[in-house]
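Subject: Structure for you to look through

Hello,

Here is the structure I said I would pass on. Please open it beside this message and follow along as you read.

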Amino acid sequence: MKISVIGCGYLGAVHAASMAELGHDVVGIDVDEAKVEWLSRAKAPFFEPGFDDLLARTLATGRLRFSTDFADAAGSSVHFVCVGTPQKRGEYAADMRYVQGAVESLLDVLKVGDLVVGKSTVPVGTAAALAALVESKVPGALLAWNPEFLREGFAVQDTLHPDRLVYGLPAGADGDTARALLDEVYATIVDRGTPKVESDYATAEMVKTAANSFLATKISFINAMAELCEATGADVKLLADAIGYDDRIGRKFLNAGLGFGGGCLPKDIRAFMARAGELGADQALTFLREVDNINMRRRIRMVELAREVCDGSLLGKRVAVLGAAFKPDSDDIRDSPALNVAAQLQLQGAVVQVTDPAAGDNIRRNWPQLDVVDTPEQAAHRADAVLVLTEWKQYRELDPAAFGKLVKQKRVLDGRNALDREAWTAAGWAYRALGRRAG
Ligand code: UDX
């Protein structure tokens, strides 16, 4: 099939290459010339394991190309909208101008029988409004909503092997036409027996925001338990293990620590609350405000803990921050809890050295006031405290004995409950973590 993908950020770039991998003829379109240039040279503009290889492989087939010219979407029969929906400045609501702009630009190239497929995370009601716009300008062109659930760090795997497909379809015969086109696009995935949920537009839009809200709630639940563990002397890690054995609960997404960040969970739960308010159903989601509050409190608590271990004052203390990305295997620092803590420590007078295996350049570009070093060893040089704030494998595997020779004080704060507490304490470190007793 001939496919266009509008927006080549995280979602779009991976989607475009994955569609080419499935055998389609794909053009990825983005207004950012530098991004298009990078992608065309098989270079990922962001850190994503396996993506460079996928790009190189699919570009070499001749089935994938990237362009800044919207006119290149003409001739495709399916057009995926993969642009961002960031949080509006100073508001909870999502900024919809990129989605609106993408669909309006598509109107110039759409023809009868084409299908516009929304993948962006949008406020419920968006698809119906866009479908009406498409129908009014290009009668006979259709729209479907097909949310994406990819996780950064697993984007290629999640796109090529999704755990479910969700089709939000128009009613009646148009729905059958749209379904048939989507089934053709995803034939390889559908034939594998991947579960498929077909619904109206509103349900499909809500599947995404509901899923992310559930995940955020699960993380904040265990972090609320961590607060209680701190008050009672209980251990949140053991608690999570024990409740996680109940398969109705499950152990996944019960890792207590600094909480969630990134380009999706925080802004998606806020946009969901804003949309519920517009719909007069705000009470239904007031609990998400608490989910957000619990999450943000963890960052403040981490700074307090750092002050506590630094004998009550951060002024002039040398603090090594290991990890800045919002999670491992990513260079994404959007709403990163780790970076938030690093910045707070610095603002409160600490001398902070940040290191991250992938996010260094992003920090230098966006947070020039923070000192970035290349290795954990450099960061730890004569440190009064070491904070592990993103659970990269290389930090989990540090040798506490050798690492202890670099620092001034052997104090480690495990912001992700990721280190082997026994090994660190055995090597003479004072170990502290959120939701666990001092070790
Ligand atoms: C998320 C959803 O998982 C994905 O389905 C959706 O499409 C986009 O948003 P992503 O933002 O890549 O994906 O990150 P995810 O792996 O979900 O982690 C989100 C945050 O939660 C990270 O900051 C992570 O460190 C934190 N987290 C995760 C915890 O604090 N504890 C956990 O147990 C799990």
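**The surroundings of S76**

Leaving aside residues up to four places away in sequence, S76 touches K2, I3, S4, V27, K111 and D114. Please keep in mind that this is a predicted model. S76 sits in the loop between β3 and β4 (78-81). Is S76 buried or exposed? Its relative accessibility is 3%, so S76 counts as buried.

**Two domains**

The domain assignment divides the protein chain into domain 1 (2-199) and domain 2 (214-433). Their C-alpha centres are 33 Å apart. Where the domains meet, 16 residues of domain 1 are in contact with 19 residues of domain 2.

Helix α9 covers residues 201-232 and includes T203. With a relative accessibility of 36%, T203 counts as partly exposed. T203 and D95 are 108 residues apart along the chain, and their C-alpha atoms are separated by 21 Å.

**Cavities**

How many cavities of 30 Å³ or more are there? The count comes to two.

The largest cavity holds about 100 Å³ of space. It is lined by 14 residues, of which K119, E148, P162, L165 and Y186 are the closest to its centre. Three elements, α1 (10-21), α6 (155-160) and β7 (165-168), each supply at least two residues of this lining. Sorted by class, the lining of the largest cavity has seven nonpolar, three polar and four charged residues.

The second largest cavity holds about 50 Å³ of space. Its lining is made of T85, A94, T121, V122, P123, T209, K267, D268, A271, F272 and R275. Which helix gives the most to the lining of the second largest cavity? That is α11 (residues 265-278), with five residues. By class, this lining has five nonpolar, three polar and three charged residues. Why can the second largest cavity be placed between the domains? Both domain 1 and domain 2 give residues to its lining, so the cavity lies between them.

**Two helices with buried residues**

Helix α3 runs over residues 51-60, and its buried residues are F51, L54, L55, T58 and L59. Viewed down the axis of α3, these buried residues fall within an arc of 120°, so they line one face of the helix. There is a general point behind this pattern. An α-helix has 3.6 residues a turn, so residues three or four places apart point the same way. On the face of α3 turned away from the buried side are the exposed residues D53 and A60. The cover over the buried residues of α3 includes α1, α2 (33-40), β3 (64-67) and α6. After α3 comes G62, which has a positive phi, near 80°.

The other helix to look at is α13, residues 337-347. Here the buried residues are P337, A338, L339, V341, A342, A343 and L345. What do the buried residues of α13 pack against? Their partners are α12 (286-309), β9 (318-322), β10 (351-355), α14 (360-366) and β12 (385-388). G349 follows α13 and has a positive phi, near 100°.

For other residues, the general rule is as follows. Most residues other than glycine have a negative phi.

F253 is not a glycine, yet its phi is positive, near 65°. This residue lies in the loop between α10 (236-244) and α11. F253 has a relative accessible area of 36%, and is therefore partly exposed.

N417 is also a residue other than glycine with a positive phi, in this case near 45°. Its place is in the loop between β13 (411-414) and α18 (421-426). Is N417 buried or exposed? The relative accessible area of N417 is 9%, and a residue under 20% counts as buried, so N417 is buried.

That is everything I have to pass on for now.

Regards

Key
Residues numbered from 1 in each chain as written. Predicted model: local features only at pLDDT ≥ 70, side-chain atom pairs only at ≥ 80, totals over all residues. Heavy atoms only, no water. 1 Å grid on protein atoms, 1.4 Å probe; cavity = no way out; pocket = protein on both sides within 12 Å on 5 of 7 lines; lining within 4 Å. Points joined across faces, edges and corners; volume = space filled by probe spheres on them. Helix = DSSP H or I, 4+ residues; strand = E, 2+ residues; numbered from the N terminus. Nonpolar A, V, L, I, M, F, W, Y, C, P; charged D, E, K, R; others polar. Domains from an automatic or database assignment. Buried < 20%, exposed > 50% of the residue type's maximum accessible area, 1.4 Å probe, protein only. Arc of directions from axis to C-beta. Contact = heavy atoms within 4.5 Å.
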